[in-house]
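I set out to look up the surface patch and the pockets of this model. My entries follow the order in which I consulted them.

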Amino acid sequence: MSAISSKPMKPGLQAFGPVWVLLTLLLLAAGALGLYARFDGFGARQLAIDEYYTARSVQFILESGLPAYKGEGYYLRGPIVQYLMAASAWLFGATEFAYRLPALIFNLLSIPLAYIYVRRHAGVAVAAAVALALLVSSWHVEFARFARMYAPFQFMTLLFLLTVDVTYFGDKWRWRDLPHAVYVLAFLTHELGVLLAPILFLPLLLNGERFPSWRNRVVFGAVSLGVSFLGYASLQLDLRGSGGVERFP
């Protein structure tokens, strides 16, 4: 009688055996290895050539407020990242560590962001596997230690896709303009962010029921077209510098 009235075991707990414990420990070890690879000697390596160009533009921002090479035009590659690097250099000094810190922060933030995005469409195990794969990815580790705009751009792209998923296809339609704002941040982080523009028009094609009237549809389309044009217009600027740039000595 007592056996019948006892509280049943939760589903799945019976499968939690030594094999799962071993796999969990191996995954945690892989995550620790990924963190160690990012932080070990983080500020000790000298700047690469591309990092040098960005670092020089940051120095000019600290001097004059603009990434203007003296007498040779501007160097604008991901202006948001450049000004964040300038803030880091102002706080911690003009060192390799300070120049690379924004890339490291965005790189680490992209991991839980990837987990959240995948978790919306798959189970915990799949989302955790994606996050841990990013932790130990040599490509992902390398760009965490690279003072350029690539790690921040990855973060912005994931953030854009997440906001699209939540607003266009989820239950947060009232925040439908959020993807437009993140799109602007994305192409100001890297010029390839303009490739995200077609996704802004998806509600007009797939979610017509979201618009109670033609006026709402036209307004949404106009906003999408306007920010897309801003991204296209940014490509017409010389983002790699107008005229020559100071060469690596």
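Basis. I worked from a predicted model, in which local features need pLDDT of at least 70, side-chain atom pairs count only at pLDDT 80 or more, and totals for chains, interfaces and linings use all residues. Residues are numbered from 1 along each chain as its sequence is written, and side-chain values use heavy atoms, with hydrogens and water left out.

Entry 1, patch. I noted a nonpolar surface patch formed by Leu62, Trp90, Leu91, Phe92 and Phe97, with about 590 Å² of accessible area together. Patch residues have over 30% relative accessible area and no salt bridge, nonpolar side chains (Val, Leu, Ile, Met, Phe, Trp, Tyr) being joined within 5 Å; a salt bridge is a Lys or Arg side-chain nitrogen within 4 Å of an Asp or Glu carboxyl oxygen. Areas are Shrake-Rupley values with a 1.4 Å probe. Helix α4 (residues 79-92) gives the largest share, 3 residues; helices are DSSP runs (H or I) of at least four residues. Phe92 lies in helix α4.

I recorded about 220 Å³ of space in the largest pocket. Of its 10 lining residues, Thr24, Leu27, Ala125, Ala128 and Leu132 lie nearest the centre. Both α2 (18-39) and α6 (124-136) supply at least two lining residues. The lining has 9 nonpolar, 1 polar and no charged residues.

Pocket terms. On a 1 Å grid, a pocket is an open set of points where a 1.4 Å probe fits, with protein on both sides within 12 Å along at least five of seven lines; lining residues have an atom within 4 Å of a point.

Technical notes:
Patches are made of residues with over 30% relative accessible area and no salt bridge: like charges are joined within 9 Å, nonpolar side chains (Val, Leu, Ile, Met, Phe, Trp, Tyr) within 5 Å. Grid points are joined across faces, edges and corners, and a volume is the space filled by probe spheres set on the points. Ala, Val, Leu, Ile, Met, Phe, Trp, Tyr, Cys and Pro count as nonpolar, Asp, Glu, Lys and Arg as charged, and the others, Gly among them, as polar.
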